[in-house]
Structures are given as structure tokens and as C-alpha cells.
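Visitor: I have a structure open and would like to talk through it. Can we start with the helices?

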Amino acid sequence: MIKINLDNLQETIKRQTIEPDEDFLYDVIIIGGGPAGMTACVYAARKKLNVLLITKNLGGQVLWTSGIENYMGYQYITGQELAQKFSEQVYSFPIAIQMPDEVIQVERKNKYFIVYTKYGSTFQARALIIASGKEPKQLGIPNEKELTGRGVSYCATCDAPLYHNKTTAVIGGGNSAVLAALELSKIARLVYLIVRSSIKADPVLTDRLNQTPRIKVYLGYVPKSIKGKEHVESLIITKTDGSGEQELLTDGIFIEAGLVPNTKFLNGLVKTNEKEEIIVNCNCETSEPGVFACGDVTNVIDKQIIIACGEGAKAALTLYRYLMSTKI
Ligand SMILES: Cc1cc2nc3c(=O)[nH]c(=O)nc-3n(C[C@H](O)[C@H](O)[C@H](O)COP(=O)(O)OP(=O)(O)OC[C@H]3O[C@@H](n4cnc5c(N)ncnc54)[C@H](O)[C@@H]3O)c2cc1C
């Protein structure tokens, strides 16, 4: 059994959370503790449902965000602070939390859902809310996996401070890649930005990029492999047609190639679209009765904190009506 990690909670918070119980039939298991899952927890708990939250962390992508200026009620708040405020609200209800853990498989057995976790626990529930969000896309190039955490990073906000006066490379051409390059340019000596086709960031970011001499852009290049024994030493890039190979000496490589939904563990239980996002209707219902989904893991087009929270609330309220009207 995994212990709840309460280490970083402030003393002042009145904790109501309870230990997860493998022998108990929960009304709902919520998978994922980002903005969508945490909001669903609060709404479900206020309806007096028996809730189990299974998650790797409390915060999700918000933990990777340096500053947030578009969450109502705060003109500016850091990601860490907002995640902490959300967590405090979750901890104030009597829900069970299995953390840190990860759902690896879900199946329907007769009327109920069985959920299996990475650390060997098995839980059961009458219904599910999937709020597992998205995670960074990997490039699949040689040495990427081996050197992750040893120079290869997927989070500029988390790791940029490690590269004071060093050389770094960022891979990607969208908003997150340009933001990462700009953030690194304040710390690192030199930043390479490797862009497959063209810069697709917002004009305001592109303007800032063009005014930052410390960022050297390689347009029309793709990463081929990473070199290094104990730590990243260089990045090999080629032109998109495979010609013009170059070796860039670098201390760190930040991969900002987009995000993929965390839906593998569902194993076809619900319908997904071509991006592997869960297809939901406007009430957060999926193709499988009793399974609801919310936030970035779904086909709802805009991926924002406030939208994920709103969808989390909707999922919990729809789930509540489902449980009240269904004999299970
Ligand atoms: C760098 C960056 C900056 C951003 N800036 C902003 C901003 O300024 N404003 C804004 O509104 N939005 C911003 N966003 C987008 C916003 O963070 C997301 O839209 C939002 O976090 C989505 O919430 P979510 O709960 O749906 O998913 P996530 O935040 O992805 O949370 C998913 C949760 O599920 C957990 N999980 C995943 N798989 C499993 C599993 N198998 N088992 C158990 N748990 C699992 C994860 O650990 C995580 O806790 C930003 C995103 C990024 C990456």
C-alpha cells in the first residue's frame, strides 16, 4: 500500500483525507490530480460520494508553469502556488488519495470497474472519471531515454536554472518551445532552437525571439541523435531531407515537441479520436456508460486550466446524476 505524501502540506491545513482501501467499493475513482481531477474531487466530495483519487502528483501540468495570468481571481500566480491552493481544497474533504501511484490498467467486470496500479494495488468503483491529462511527447531518437534527467529535459520551467552560463538546445517551434528558449536565454550563455519547418508561436513571442541574440535558430532542421556518456555532450541535427548533418556541443537539451494524452491504460475501454484523446459529449460522458472524462485528456479543443476545472466540475455533476439514476 502506498502512503499518502503529505510532506509539503502546510501545518495550518485541516486534513480530512483518508487511507485508500482495496476492499472498499468506491462510488467513483478519479484518475489524475491535475486541475480537472482535483475539481472533480471537490464536486464529488461535496455530493457526499465515496471518492478515491489515484494520481502521480497533485498539480499536473500546472507544476511546470512558471507564471499564470489567465486564471480568474489571480492577476498573477505561479504554477506551484496555484497547485498548492487546489491541493489544500482537495485535502479539506474526506476522500481517499493514492499518491504517488499510476493507473496501468482499467477494466469493466460485470457492473463495476477494476483499476490496477503500478505499485500493485487494485481498487474497484461504480464509476470512473478520467482526468489523466497530457504528457510531453518523446522524440524516440538514440540516447534520449538514457540521458533523460542527465541533460535531457521536458520541462524548461523545472530545469532551466541548472544551466547558468551553459549552452542549451531547445527542440520545437511552437509556443512552449519559444517560451522555453526565451526563459533559458536569461540563464544560459547560448541557446540553440531547432525547428523542423517554421516558427508557429504567437506573434508576441516571435517578436521577443527575434530580439534575443543569445538564441540561435536552426530552421528546417530535425534532431537525429544525442551524444554523451554520463551526461549530454552534444546534439546531432540534420536538415529535414537527412542532409547537412551538424554536431552542436550542448550541456542540456529541452524537448518541447508537444503533448500526448495519457490514455494508454484505458486499452480501448472508451472511444478516442485520431490524437488518442477521449471523445466526450458536452456533459463529459464517454462512449462507455459510467465512465466520464474531463480536461486535456479529452477532445475538448482548448487546453487551459480554467477549462479543465470547469470540465472537472461538469464530469462530477454528470456522474452524480448517473449514480442517482442507475441501479448499481
Ligand atoms: C508549460 C505550460 C504552460 C501552461 N500555461 C498555462 C497558462 O498560463 N494558463 C492556462 O490556463 N493553462 C496553461 N497551460 C495548460 C494547463 O496547464 C492545462 O490545460 C491543464 O493543466 C490541464 O489540466 P488536466 O487536469 O486536464 O491535466 P494535467 O494538468 O495534465 O493533469 C493530469 C494529472 O493526471 C496524472 N496522471 C497522468 N497519467 C496518470 C495515470 N496513468 N495514473 C494516475 N495519474 C495520472 C498526472 O500526473 C497529473 O496529475 C500550460 C501548460 C504547459 C505545459
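Visitor: How close do the axes of α4 and α5 come, and at what angle do they cross?
Guide: This is a predicted model. In it, the axes of helix α4 (residues 175-185) and helix α5 (residues 203-210) come within 10 Å, and the crossing angle is roughly 35°.

Visitor: Left-handed or right-handed, that crossing of α4 and α5?
Guide: α4 and α5 cross in a left-handed sense.

Visitor: Which residues meet there, α4 against α5?
Guide: From α4, N175, V178, L179 and L182; they meet L205, R208 and L209 of α5. By class, this contact of α4 with α5 holds five nonpolar residues, one polar and one charged.

Visitor: Now α1 and α2. What is the angle, and how far apart are the axes?
Guide: Helix α1 (residues 35-46) packs with helix α2 (residues 79-91) at about 25°, and their axes are 9 Å apart. Angles under 35 degrees count as roughly parallel, so α1 is roughly parallel to α2.

Visitor: What is the handedness of the α1 and α2 crossing?
Guide: The crossing of α1 and α2 is left-handed.

Visitor: What does α1 use to meet α6?
Guide: P35, A36, T39, A40, Y43 and A44 of α1 meet I305, A308, C309, G312, A313, A316 and L317 of α6. That contact of α1 with α6 has eleven nonpolar residues, two polar and no charged.

Visitor: Switching to the ligand. How many residues are around it, and which come nearest?
Guide: There are 31 residues around the ligand, and N57, Q61, N70, V103 and D296 come nearest.

Visitor: How far is the side chain of Q304 from a ligand oxygen?
Guide: An N or O atom in the Q304 side chain is 3.0 Å from an oxygen atom of the ligand.

Visitor: What about backbone atoms, say K134 and G33?
Guide: For K134, a backbone N or O atom is 3.3 Å from a ligand oxygen. For G33, a polar backbone atom is 3.4 Å from an oxygen atom of the ligand.

Visitor: Last topic, backbone geometry. Cis or trans, the peptide bond between M99 and P100?
Guide: Cis, with omega about 0°. P100 sits in the loop between β5 (96-98) and β6 (103-109).

Visitor: And N110, what is its phi?
Guide: N110 has a positive phi of about 55°, though it is not a glycine. N110 lies in the loop between β6 and β7 (112-117).

How values were computed. Residues numbered from 1 in each chain as written. Predicted model: local features only at pLDDT ≥ 70, side-chain atom pairs only at ≥ 80, totals over all residues. Heavy atoms only, no water. Axes fitted to C-alpha atoms, helices over the stretch in contact; angles between N-to-C directions. Helix = DSSP H or I, 4+ residues; strand = E, 2+ residues; numbered from the N terminus. Parallel < 35°, antiparallel > 145°, perpendicular 65-115°, else oblique. Left-handed = near helix turned anticlockwise from the far one by under 90°. Near = heavy atom within 4 Å. Polar contact = N/O pair within 3.5 Å; in protein donor to acceptor, adjacent residues only side chain to side chain. Contact = heavy atoms within 4.5 Å. Nonpolar A, V, L, I, M, F, W, Y, C, P; charged D, E, K, R; others polar.
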